[in-house]
Amino acid sequence: MFLDLDNTVLDRTGAFRTWAEGFLTGIGAPPPDVDWLMSVDADGLTDRWDIADQIRDRYRLSTSSVELVDEMREGVVANSRLDPLVACALRIADDAGWVPVLVTNGATRQEDTTIRRTGLDRYVADWVISEEVGVSKPNPRIFALAAERVRMRMRGAWVVGDSPETDIGAAAEMGLPSVWLHRGRRWMESRFEPTATAGGFLPAMAAVLAG
């Protein structure tokens, strides 16, 4: 079972918002600016260096971009939490014979630290991070590497994630079933579609187990 990390197994958006609220309060920015920073972050898709530059320009900070990027990354890690119900669902999947493995795009240090600090490492068989292996989702190669790490074949695997392109698109290219976590969004892609759609991680696991 190939699982996305951010905003699938862990609430990355919630962790970033918590950091943003604390950071903006610390520099004396008005509370509504949290929505601005969340928009700039674009669900984690905006380059960290670009965000740092926009923060420095908006608030005329003397803090270097390097320091801001480090603070952002450390803040997200520090505020990431593993939902006990998610941990329980992973345990149930494991007991049912599934082999959960994380496949995530991102920086090795941040993602690896997040996985270990939240205790998620105790509930998955292994994980593959794009920076570490030199290939990113939706390239099927990163999923093949994940399968190799847990000594499993690709056949019979499912892909679970919140990204239409990097998760569901990859599953479609590999011919694998998938579950899309919609997070309040509508499916807009016409080239492919998920096998199932879920509003959260628990119903996503239920869809895989039922499938």
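Analyst: In this predicted model, the second largest pocket is lined by D70, R73, E74, V77, A78, A107, R109, Q110, T113 and R117. A pocket is an open set of points on a 1 Å grid over the protein atoms alone, where a 1.4 Å probe fits, with protein on both sides within 12 Å along at least five of seven lines, and lining residues have an atom within 4 Å of a point. Local features need pLDDT of at least 70 and side-chain atom pairs pLDDT 80 or more, while totals for chains, interfaces and linings use all residues. Residues are numbered from 1 along each chain as its sequence is written, and side-chain values use heavy atoms, without hydrogens and water.

User: Which element gives the largest share of the lining of the second largest pocket?

Analyst: Two elements, α4 and α6, each give two or more residues to this lining. Helices are DSSP runs (H or I, at least four residues), numbered from the N terminus. The largest share, five residues, comes from α4.

User: What is the volume of the largest pocket?

Analyst: Of the 31 residues in its lining, D6, D43, G44, L45 and N105 are the closest to the centre of the largest pocket. A volume is the space filled by probe spheres set on grid points joined across faces, edges and corners. For the largest pocket, this is about 770 Å³.
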